[in-house]
Amino acid sequence: MRRNGEEGKDRASGRSQRQGQKAARRPWVFRGSDRDRVTAKNIVWHELIGLKAKIIRASHPGLVGIEGYVLDETRNTLTIGGERVWVIPKDVVELEFETGDKRIRIKGKELVGRPEMRLKKRWRR
């Protein structure tokens, strides 16, 4: 029941339900001062959101070649926005991140885990 002419709060009034699709079309790139400090050794502890990513290898052939900017990160997935928005499982892909003039390759299995908990892990190379 609506009171005083209020519309339902759970509806999208005149806009798309998929808000992530709009975010993918925005031409933004995070250009913070610490983006050039990312190296192959410290990318595991670094913030991935805003980095340009490309999928080099995957267990599913449809994922290979996807590229765009990392929009969001969860424990097991990366959300990559390019020509559209993809939600990619981390454990089945090998990614290449572009930071400035460097390209860093890393297996997705090394990135599995919540971003804030990866800081506490000890990694051996």
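Figure 1. Strands S1 (residues 52-58) and S5 pair in the antiparallel sense, with six bridges between them. The two side chains also meet in a salt bridge, at 3.0 Å from N to O. Arg57 belongs to strand S1 and Glu94 to strand S5, so this pair ties together parts 37 residues apart in sequence. The partners sit in contrasting surroundings. Arg57 has 52% relative accessibility and counts as exposed. Glu94 has 12% and counts as buried. Side chains of opposite charge can pair when their charged atoms come close.

Figure 2. The closest N and O atoms of Glu96 and Arg103 are 3.2 Å apart, and the two residues form a salt bridge. Glu96 is buried, with a relative accessible area of 15%. Arg103 counts as exposed, at 55% relative accessibility. Which residues are joined with this pair into one network? Through salt bridges that share partners, Arg57, Glu94, Glu96, Glu98, Arg103 and Arg105 are all joined. A search of the whole structure finds seven salt bridges.

Figure 3. Lys90 pairs with Glu73, and their closest N and O atoms are 3.0 Å apart. Lys90 lies in the loop between S4 and S5, while Glu73 lies in strand S2 (residues 67-73). The pair links distant parts of the chain, 17 residues apart. Are these two residues buried or exposed? Both Lys90 and Glu73 are buried.

Figure 4. Strand S5 covers residues 93-99. Six of its seven residues are buried, so S5 is largely enclosed by the rest of the structure. Strand S6 (residues 102-107) runs antiparallel to S5, and six bridges join the two. Within this pairing, Phe97 has Ile104 of S6 as its bridge partner. S5 and S6 form a hairpin with two residues between the strands. In that hairpin, Gly100 takes a positive phi near 65°. In a regular strand the side chains alternate between the two faces of the sheet.

**Figure 5. Phe97 belongs to the largest nonpolar core.** This core holds 20 residues. Which of them touch the most other members? They are Ile43, Ile88 and Phe97. S1, S3, S4, S5 and S6 are the elements that each give two or more residues to the core. S5 provides the largest share, three residues. Leaving aside neighbours within four places in sequence, the contacts of Phe97 include Ile43, Leu48, Leu51, Val70 and Leu78. Phe97 is also in contact with Ile104, Ile106 and Leu111, among others. In soluble globular proteins, nonpolar side chains tend to be buried together.

Figure 6. Thr79 is found in strand S3 (residues 77-81). S3 and strand S4 (residues 85-89) run antiparallel and are joined by five bridges. They form a hairpin with three residues between them. Thr79 stands opposite Val87 in S4. With a relative accessible area of 15%, Thr79 is buried. Not counting residues up to four places away in sequence, Thr79 touches Tyr69, Val70, Leu71 and Asp72, together with Val85, Trp86 and Val87.

**Figure 7. The whole chain gives the setting for the close-ups.** The protein chain has two helices and six strands. From the N terminus on, its elements run α-β-β-β-β-β-β-α. Of its 125 residues, 31% count as buried. The accessible surface comes to about 9,000 Å², and carbon and sulfur atoms account for 47% of it. Among contacts with a separation of 6 or more, 42% involve residues 24 or more positions apart. The mean pLDDT is 78, and 68% of residues reach 70 or more. Where is confidence lowest, and where is it highest? Helix H1 (residues 19-25) is lowest, at a mean of 52, and S1 is highest, at 95. Where pLDDT is low, the predicted coordinates should not be read in detail.

Terms used: Residues are numbered from 1 along each chain as its sequence is written. This is a predicted model: local features need pLDDT of at least 70, side-chain atom pairs count only at pLDDT 80 or more; totals for chains, interfaces and linings use all residues. Side-chain values use heavy atoms; hydrogens and water are left out. Buried means under 20% relative accessible area, exposed over 50%, partly exposed in between (1.4 Å probe, protein chains only). Helices (H or I, at least four residues) and strands (E, at least two) are DSSP runs, numbered from the N terminus. Two strands pair if DSSP finds at least two bridges between them. Contact means heavy atoms within 4.5 Å. Accessible areas come from the Shrake-Rupley method with a 1.4 Å probe; for residues, only the protein chains shown count as cover. pLDDT is the predictor's confidence in each residue, from 0 to 100. A nonpolar core is a set of buried Ala, Val, Leu, Ile, Met, Phe, Trp, Tyr and Cys residues joined through side-chain atoms within 4.5 Å. A salt bridge is a side-chain nitrogen of Lys or Arg within 4 Å of a carboxyl oxygen of Asp or Glu.
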